[in-house]
Amino acid sequence: MKRLLFCVCCIAILFASGLFVVDKSYAANAKDTLTIAMMSEPASMSTVNNESMDPIYSGYLTHNFLMKNDPKTLEPVPDLAESYELLSDTEHVFKLRKGVKFHHGKEFKAEDVVATINYNKTFPGCKPYVGAIKSVEAIDDYTVKFIMDKPYPNLLNDLTFKVNFIQAADLIKKGHNFDNEPIGTGPFKLVEWKRGSTIRYERFNDYFNKDEVTNIKTIIWKVIPEGTSRTIALEAGEVDMVFQVETADIGRLKKNEKVAVEEIIEVANYAMGINNDLPPFNDVNLRQAIAHAIDRESIVIGALNSYGVPNFTSCAQNYWGSTTEGACTYDPIKAKEYLSKWGGDPSNVKLSIICWNPMLVRVGTIVQGSLEENLGIKVELEEVDSATFSSRRASGQYRAFFTYWSPSNSFSYVTRYHSDKRSSVPGACNDPKVDEYVDALRNTVPADLRLELTHKIIARVNEIAAQPSLFQPYTFRAYDRKLAGAQFTPHGYAYFHTCYWK
Amino acid sequence: MQNEVYVGMLIYFLKRIAQLIPVILGITLIIFVIMSLAQGDPARLILGEWATQEEVDQLRQEMRLDDPLLIRYFRYLYNFVQGDFGTSYIKSRSVATEVLGRFPNTVRLAFVAAILTVFLAVPLGIIASVKQNTAVDSIIMVITLIGISMPIFWLGLLLILQFSLKLGWFPSFGSESWQSYILPAICLAFSNMSTVSRTTRSSMLETIRQDYVRTALAKGCSRHDAVYKHAFRNALIPTITVIGIQMSQLLGGSVLVEQVFAWPGIGRLMIESINGRDTPMVLGCIVLLTIVFSVLNLFIDMCYALVDPRIRGQYS
């Protein structure tokens, strides 16, 4: 007993003396390094064969697009393209930058653009972003022409989106493993990937855009799945930036003088997808009743801790072209009127909503309360994982689910209301007028006409309450105040390579 | 006589290794069936929301997911015996590479946690038994009760808050330095230590009251020798059993600790694979863990023979 007490005292003294404390090599404060805490790592670095966001974050470091999104205006601006010209309604010509190198030394040329687009066309997930392209031709080494099936207004935006990172033609030809070894023209190259732990990028010294080169030579991703652990790592100085900030920690971080917190309204619009084919939800009056009965303010306050904005219209509010015409505002009286028009017994309505993450369960709880209180409809929440949700959505085995979209612009958003979406999501919107407007929008180039059609689509979808919108959340990014230059987009992406230490 | 014992133990060892084969077969079949029945199509997950059913069906055909369950299972076994554990549906990497890349992280953490557990729990259990019904015993029992009751993820966050954030003594996440092991190992050990020390205490209490211990004391044996040489060895069997069970659990990967401390172990890999319906990866993890558990249980059985001559004698 005495010996044990003696040992315990010795250990306590050693701890107090700081003997175990000396080495802080794990701390992230090297001034040429940026350490970022990420919630998860990509399962694969390829953006063409999976829907995850993680490979996109990586792609912004290792690759470039032909056109990229300006992080402030969200408009497409040249990236690997130097200039762009519309030859006709169906022909787009891009002049390419000269002297751009891939990480493996090959020079970027028109053949790489041609190879990338043709490669992307072989993946179903790329359809929305390359489906309208009939062919791509290399006019010369630095000029490429896109030929569309029909007049198509959204090519530039499509080229800014995740799947269209430009790959090297020689690598595509030899069947390179893009899943594990991304090689692009981007400002950083992947040098080490310790699965489940860290991903390390080193600056690519031959990067073409010298204006974007900063004092950061190394970027390290640390995979920390737990939100509070990420926050603590930032506060402790072990990481310099937290990309996905836990909502519960925002208040605390904002009070921390060493940490800057940026708040961004995402374009991600959360909505309730109702099975428009399934009785009684195939009745527009019932859907309208449901849409008007949901208290979205309460959802934002209760489920999101007020970190979001309610949305009543069928498109994200910060997109060009969005409108609140015909929006389904929270109006219990109107909801009851629509319920009367429907004429059925609400107590017989079996509404189950699929929730595929804990936040959506909180949202669902408030929707449950709203619908029961205002309409007398009892709602059941089905908590499933995302794989099950994906499967049930694809097979039409649902009454309702929560979902979100965050495509590159309003065009990409509203065209999803076309009934051709039903080939992958049975029960999705099926309205001839919406189809007519979307078909017209897909082939309309002048901006004023596109604006008018976009408004018509949104107003019509609001009118039929095909997929009532609920809210747009805020996204928070937190980082060391000594860091500057970070650019975060409302799409949820980031330009980490423009960061620098002050 | 001794040679007979060793030969007996060797035969027993080989029999137990041979028993692994039906165990692995049974477990892989069960997992195969469960993963097949679980909702969620890997082809759909790979292709995404925009794929039509025809495209999904085509990929399913390419991946041979539409073959009958037994055909797929036997194909898996056929590849398995040739050392091919398949390719991850989602990561496009060899299952063996991925699993064997993560497993050593779990083993290292489990080893450190197990050492901490044994060196803390066993002495505490002995002290509590020797000082039964005293203040020391009560304090130890309260500590162990807290250890059993406290949620492990909450303990982990508390440790991080105190020792990483406030004191800056240890890193809060990762596995890159030796300091990274301390907090997750303490977190795991605190919970496990409670069970082991309580088991040791109750086992010791039973043994201390035995006649031979009283006889040893009466014959002039010191209290220290009576406890450690006579009582303790006889009380070890249940303690070894509990340590073995907990070691198995540690090697299975504590998902909560791996989550809180961002430890790149096999627990997290399994959860990610299950969520992604990545059947080859799930099977790879399960097969590895089955082998590890079986070998560990065998090792524990061998330990009984080392500790207790009566058990050793049964092998002859």
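In chain A, strands β9(A) and β10(A) run antiparallel and are joined by five bridges. The model described here is predicted. Chain A holds 16 helices and 22 strands, and its domain assignment names three stretches: domain 1 (33–40 + 186–266 + 475–501), domain 2 (64–169) and domain 3 (269–473). Chain A is also in contact with chain B, through 44 residues of chain A and 47 residues of chain B.

- Phe188(A) lies opposite Arg203(A) of β9(A).
- β8(A) and β9(A) form a hairpin with three residues between the strands, and Gly196(A) in this hairpin has a positive phi near 80°.

**The four-stranded sheet**

- An open sheet of chain A is built from four strands in the order β4-β5-β7-β6, with antiparallel pairing.
- Its edge strands are β4(A) (81–88) and β6(A) (133–140), each of which pairs on one side only.
- From one strand to the next, the twist averages 20°.
- Six bridges hold β4(A) against β5(A) (residues 91–96) in the antiparallel sense.
- Across these two strands, Tyr84(A) is placed opposite Phe94(A) of β5(A).
- Helix α3(A), residues 110–120, packs on the sheet and touches β5(A), β6(A) and β7(A) (143–148). The direction of α3(A) makes about 165° with that of β6(A).
- As background, strands of a sheet pair through backbone hydrogen bonds, in either a parallel or an antiparallel sense.

**Contact between chain A and chain B**

- On the side of chain A that touches chain B, at least two residues each come from α4(A) (127–130), β10(A) (218–223), α7(A) (227–235) and α13(A) (386–395).
- The largest share of that side is supplied by α13(A), with seven residues.
- By residue class, the side of chain A that touches chain B has 16 nonpolar, 16 polar and 12 charged residues.

**Domain 1 and domain 3 of chain A**

- The centres of domain 1 and domain 3 of chain A, taken over C-alpha atoms, are separated by 33 Å.
- Eight residues from domain 1 of chain A and eight residues from domain 3 of chain A make up the contact.
- The side of domain 1 that touches domain 3 in chain A consists of three nonpolar, four polar and one charged residue.

**Overall form of chain A**

- The secondary structure totals 16 helices and 22 strands.
- Chain A has a radius of gyration of 25 Å, close to the 23 Å that the globule rule gives for 502 residues, so chain A is as compact as a globular protein of that length.
- The C-alpha trace of chain A spans about 80 × 75 × 35 Å along its principal axes.
- Of the 502 residues in chain A, 49% count as buried.
- Among contacts in chain A between residues at least 6 apart in sequence, 69% join residues at least 24 apart.

Terms used
Residues numbered from 1 in each chain as written. Chains lettered and ligands numbered in written order. Predicted model: local features only at pLDDT ≥ 70, side-chain atom pairs only at ≥ 80, totals over all residues. Pairing = 2+ DSSP bridges. Axes fitted to C-alpha atoms, helices over the stretch in contact; angles between N-to-C directions. Contact = placed C-beta atoms within 7 Å. Nonpolar A, V, L, I, M, F, W, Y, C, P; charged D, E, K, R; others polar. Domains from an automatic or database assignment. Rg over C-alpha atoms; globule rule 2.2 N^0.38 Å. Buried ≥ 20, exposed ≤ 12 C-beta atoms within 10 Å, placed from the backbone.
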